[in-house]
Amino acid sequence: MSPCAPTAASAAEPRLAQLLAARPGFEPGFNAVRVPRAFFTHLEVWPDIVLSDLKVAIEYDTMGRNSTEHVGQREVVDRRKDRLIRAAGWEVVRVRTGRLRLLGQHDVAASAITGKLVDRLLDALRDIRGDLIVNCYLH
């Protein structure tokens, strides 16, 4: 747990964490990943959801009120953050909403926070860590 981690930027992030935590075995609670090189001024990054047992960081990206979030220079920063997380031995899954294009091979497009989205996230986790590992958490 990092005291430097910012609070959730939207109500959607905690809702997604809540739906994921409702699945047996998945209990998001950590809020930081230590990275090998500084991300701006910190040696840690703060993904929206951290699944420490699977070493997977989940980011929930929207275009924001002005349709300027996670595009342009912000997308460049997102890609840099993803590279640092991967360099630390973790994987990243981005849930991308609206017209945001997918950035990584495990990213998921979404229009709403639903049980179906959680199912698709679980499929992405299975692709990353394997059926056996992920399914162990579900039973």
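Reader: Is E91 buried or exposed?
Author: E91 counts as buried, because its relative accessibility is 14% and the cut-off for buried is under 20%. Keep in mind that this is a predicted model.

Reader: Where does E91 lie?
Author: E91 is part of strand β5.

Reader: And what does its side chain make a polar contact with?
Author: The partner is the side chain of R86, at 2.6 Å. Beyond its neighbours within four places in sequence, E91 is also in contact with other residues, including K55, V56, H106 and I128.

Reader: Now helix α2. How many residues has it?
Author: Helix α2 has 15 residues, 73–87. From first C-alpha to last, the helix reaches 21 Å, close to the 21 Å expected.

Reader: Which residues of α2 are buried?
Author: They are E75, D78, K81, D82, L84 and I85.

Reader: What follows α2?
Author: G89 does, and its phi is positive, near 90 degrees.

Reader: Different topic. How many aromatic pairs does the structure hold?
Author: One. The pair is F39 and F40, with ring centres 4.9 Å apart.

Reader: Why is the pair edge-to-face?
Author: Because the planes of the two rings stand at 75 degrees, and over 60 counts as edge-to-face.

Reader: Which of the two is buried, and which is exposed?
Author: F39 is buried, with a relative accessible area of 12%. F40 is exposed, at 55%.

Reader: What sits over the ring of F40?
Author: The charged end of R80, 5.3 Å from the ring centre.

Note on methods. Residues are numbered from 1 along each chain as its sequence is written. This is a predicted model: local features need pLDDT of at least 70, side-chain atom pairs count only at pLDDT 80 or more; totals for chains, interfaces and linings use all residues. Side-chain values use heavy atoms; hydrogens and water are left out. Rings of Phe, Tyr and Trp (its six-membered ring) pair if their centres lie within 6.5 Å; planes under 30 degrees apart count as stacked, over 60 as edge-to-face and the rest as tilted. Buried means under 20% relative accessible area, exposed over 50%, partly exposed in between (1.4 Å probe, protein chains only). A charge sits over a ring if NZ of Lys or CZ of Arg is within 6 Å of the ring centre and within 35 degrees of the ring normal. Helices (H or I, at least four residues) and strands (E, at least two) are DSSP runs, numbered from the N terminus. The expected span of a helix is 1.5 Å times one less than its number of residues. A polar contact is a pair of N or O atoms within 3.5 Å; within protein, one must be able to donate a hydrogen and the other to accept it, and residues adjacent in sequence count only if both atoms are side-chain atoms. Contact means heavy atoms within 4.5 Å.
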